[in-house]
Amino acid sequence: MLKNYIKIAFLVLMRRKIFTFISLFAISFTLTVLIVISAMLDHMFAPVAPEVNMQRTLGIYFGEMKGPDSTWNGNPGYGLLDKCARNLPNVELISIFMENQTVNSYLRGQKIVSSLKRTDGEYWKILKFNFLEGSPITNEDEEKANFVAVINKSTREKFFPNESAIGKYIEADSQNFRVIGVVEDVSQFCNSAHSEIWVPLSTNKDQGYRREVLGRCVGLLLAKSPDDFPSIKTEFAQRVNNFEFPAELKNEYNKITCFADTSLEIISRQALGDPNPTKLILILIGLMVLFMLLPAVNLININISRILERASEIGVRKAFGASSWVLVGQFIVENLILTLIGSILGFIGSIVVLLIINQSNIIQYANFQLNYRVFFYGVLTTIFFSFLSGVYPAWQMSKLNPIEALRGGIR
Amino acid sequence: MIKLDNIEKVYRTSRVETVALMNINLEVKEGEFISIMGPSGCGKSTLLNLMGLLDAPTKGQLLINGKEITSYKDKYLANLRNQEIGFIFQSFHLVNDLSVLDNVEIPLLYRKISSSQRRQMALKALEHVGLTARIYHFPSQLSGGQQQRVAIARAIVGRPKILLADEPTGNLDSKMGEEVMNLLVGLNEEKTTIVMVTHDKRMAERTKRIVRIFDGRQVG
């Protein structure tokens with residue numbers, strides 16, 4: 001019976017080519033978009049190298065100072081983080097580093113633009129980079145302001161093609177650094193880890209950063225366990241609340257807020273002004289469901305008219321012994337085949353789109369991949385789709401009175 | 001074989017009540033070949049649909065093979081139709097997407113038999129109607145007479161005891177109509193019980209008994 005269903009499904013699909021095209025396009029396009037988005041979200045939030053400790057990491061990315069007449073917001077400064085974020089209870093490691101800056105290097109008369117991150121030694125303990133050669137920046141490098149650098153694979157290719165970079169010198173931002181390590185490229189989506197050149201924080205040209213309340217820094221806190229997040233956040237908030245402004249800012253500002261957030265909370269705070277990610281997640285799920293619902297409703301319509309054309313066939317099958325449930329099964333199998341073809345096209349489309357994104361360098365060093373998790377989401381979505389767009393019309397049609405079905409009408 | 005006892009069929013909508021059949025008492029014995037005649041709209045097809053369990057009577061008792069139809073549940077009726085009854089329709093109702101062979105196999109899909117056995121039975125039924133040369137053709141590639149022969153093969157493939165034919169020659173010219181009628185007579189000679197609705201007096205005269213319906217009532 002199944003073979004017969006499959007055979008008739010293909011024949012029906014071939015008979016109405018435009019309907020089939022619209023259905024397949026709707027399914028494959030929706031799946032492609034969903035899978036690409038899933039791959040990106042997976043890439044952003046999954047604990048993969050170097051952000052393997054993401055599950056127990058809090059980030060301090062944002063601060064705001066307010067006074068009677070002025071407001072200043074942006075990244076926290078080293079001074080604020082140094083005073084408030086160090087030695088917090090239940091924090092295993094704390095790293096303070098600067099956001100990426102764009103630097104120019106000149107090699108044989110050619111300008112090379114790179115992103116440079118200034119970090120401390122703890123940064124390399126929280127983030128687990130894949131080292132191709134050499135070793136990371138240490139606390140000693142930071143304390144002694146050693147002019148050493150870790151570079152990524154692509155930068156090595158630019159400066160030292162086909163050779164080891166260890167011990168060689170690289171010029172960036174008019175400073176000369178000795179390369180001590182080379183790491184794999186890290187995607188721009190991994191905000192804390194992404195860069196092309198990493199050097200000790202203390203090599204910054206202007207040492208004034210050490211007193212800044214707001215500046216260009218980021219704090220990473222590695223908690224002993226995610227269960228410690230609430231107590232860490234509370235303690236940090238208290239310390240920020242009691243923070244004493246430096247004399248030069250006292251007259252202008254009297255209040256400061258700064259938060260230690262998880263990666264999801266950071267996005268939620270930036271997007272909605274509320275760190276609670278539940279609302280953000282609900283909005284995202286709502287948008288995804290809406291995105292899936294529109295083609296599904298379209299498919300339901302197409303399916304109803306497609307099945308309606310076959311009223312006579314339904315009548316014949318009922319007359320010769322098919323029960324309503326058997327017919328529902330037949331239409332679901334047909335719809336499942338349509339959805340499966342659509343999902344295969346969707347997966348191929350996703351691979352092509354991800355390949356284009358990866359190779360185009362729109363998102364620097366992006367390496368979006370169709371992993372098993374994304375594949376699983378895709379399959380679930382496909383099944384959901386198939387049922388959503390197939391069961392209702394199938395059930396409606398299976399309930400057709402056989403006499404009226406044979407006449408080509410609906411009860 | 002089929003017994004209708006005081007059968008009544010009324011179609012009701014929110015505004016209108018239409019009496020399609022009234023006080024029908026009819027018994028079709030095993031091996032009989034009866035024709036139902038009457039003017040258009042008199043209730044002939046309704047009567048055939050009731051006998052074929054495609055519709056439920058409003059009142060009265062219906063017995064198939066001595067068993068009263070007490071339940072009109074979908075699954076029960078579907079099974080009974082599949083095992084006991086074969087249908088032949090005026091406009092053939094073949095599935096255009098399927099080949100002749102696949103069309104004939106349809107009733108067997110709802111039985112627990114292997115695909116090879118299905119194929120064998122379908123080929124035998126097609127042999128019976130003289131269409132073995134056309135098994136991979138599609139309905140659109142056949143003449144009206146050939147399509148009706150395919151429909152007959154489909155009706156008899158499951159070896160039902162009862163064949164219900166709703167104007168089986170109505171869409172055919174006289175020569176093809178005659179061919180189809182010969183087939184039905186032959187099947188009846190092989191002990192299949194046949195009930196045929198027809199307008200055609202000549203065709204009706206070839207059956208063993210004629211039942212006349214007028215305005216929803218049995219008049220002869």
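Tutor: A crossing is left-handed if the near helix is turned anticlockwise from the far one by less than a right angle, and right-handed if it is turned clockwise. This is a predicted model, in which local features need pLDDT of at least 70, side-chain atom pairs count only at pLDDT 80 or more, and totals for chains, interfaces and linings use all residues. Residues are numbered from 1 along each chain as its sequence is written, chains are lettered from A and ligands numbered from 1 in the order in which they are written, and side-chain values use heavy atoms, with hydrogens and water left out.

Student: Which hand does the crossing of α3(B) with α5(B) have, and at what angle do the axes cross?

Tutor: The axes of α3(B) and α5(B), the latter spanning residues 144-156, cross at roughly 35° and come within 7 Å. Axes are lines fitted to C-alpha atoms, for helices over the stretch in contact, and angles run from 0 to 180 degrees between N-to-C directions. The crossing of α3(B) past α5(B) is right-handed. Val100(B), Asn103(B), Val104(B) and Pro107(B) of α3(B) make the contact with Val150(B), Ala153(B) and Arg154(B) of α5(B). Contact means heavy atoms within 4.5 Å.

Student: What makes up this contact of α3(B) with α5(B) by class?

Tutor: The contact has five nonpolar residues, one polar and one charged. Ala, Val, Leu, Ile, Met, Phe, Trp, Tyr, Cys and Pro count as nonpolar, Asp, Glu, Lys and Arg as charged, and the others, Gly among them, as polar.

Student: How many helices and strands do the two chains have?

Tutor: Chain A has 14 helices and 14 strands, while chain B has seven helices and ten strands. Helices (H or I, at least four residues) and strands (E, at least two) are DSSP runs, numbered from the N terminus. Of the 411 residues of chain A, 51% are buried; in chain B, buried residues make up 56% of 220. Buried means under 20% relative accessible area, exposed over 50%, and partly exposed in between, with a 1.4 Å probe and protein chains only.

Student: How do you know what length to expect for α1(A)?

Tutor: The expected span is 1.5 Å times one less than the number of residues. Helix α1(A), residues 2-15, has 14 residues and reaches 20 Å from its first C-alpha to its last, close to the expected 20 Å. Its buried residues are Asn4(A), Tyr5(A), Ile8(A), Ala9(A), Val12(A) and Leu13(A). Seen down the axis of α1(A), they fall within an arc of 165°, so they line one face. The arc is that of the directions from the helix axis to the C-beta atoms. Exposed Lys3(A) and Met14(A) sit on the face turned away from the buried side. The cover of the buried residues of α1(A) includes α2, α10, α11 and α12 of chain A, together with α3 of chain B.

Student: Which residues of α7(A) are buried, and what do they pack against?

Tutor: In α7(A), Phe229(A), Ile232(A), Phe236(A) and Val240(A) are buried. Viewed down the axis of α7(A), these residues lie within an arc of 65°, so they line one face of the helix. They pack against β1, α3, β4, β13 and β14 of chain A. Helix α7(A), residues 229-241, has 13 residues and reaches 18 Å, close to the 18 Å expected.

Student: Is Phe92(B) buried or exposed, and what of Arg159(B)?

Tutor: Phe92(B) has a relative accessible area of 10%, which is why it is called buried. Arg159(B) has 54% and therefore counts as exposed. Phe92(B) is in the loop between β6 and α3 of chain B, with a phi near 65°. Arg159(B), in the loop between α5 and β7 of chain B, has a positive phi of about 50° although it is not a glycine.

Student: What class of burial does Asn335(A) have, and which residues does it touch?

Tutor: At 4% relative accessibility, Asn335(A) counts as buried; it lies in α12 of chain A. Beyond residues up to four places away in sequence, Asn335(A) touches Asn303(A), Ser386(A), Ser389(A) and Gly390(A).

Student: Why is Leu249(A) placed in its class of accessibility?

Tutor: Leu249(A) has a relative accessible area of 13%, so it is buried. Leu249(A) belongs to helix α8(A), residues 247-250. Not counting residues up to four places away, it touches Met65(A), Trp72(A) and Val213(A).
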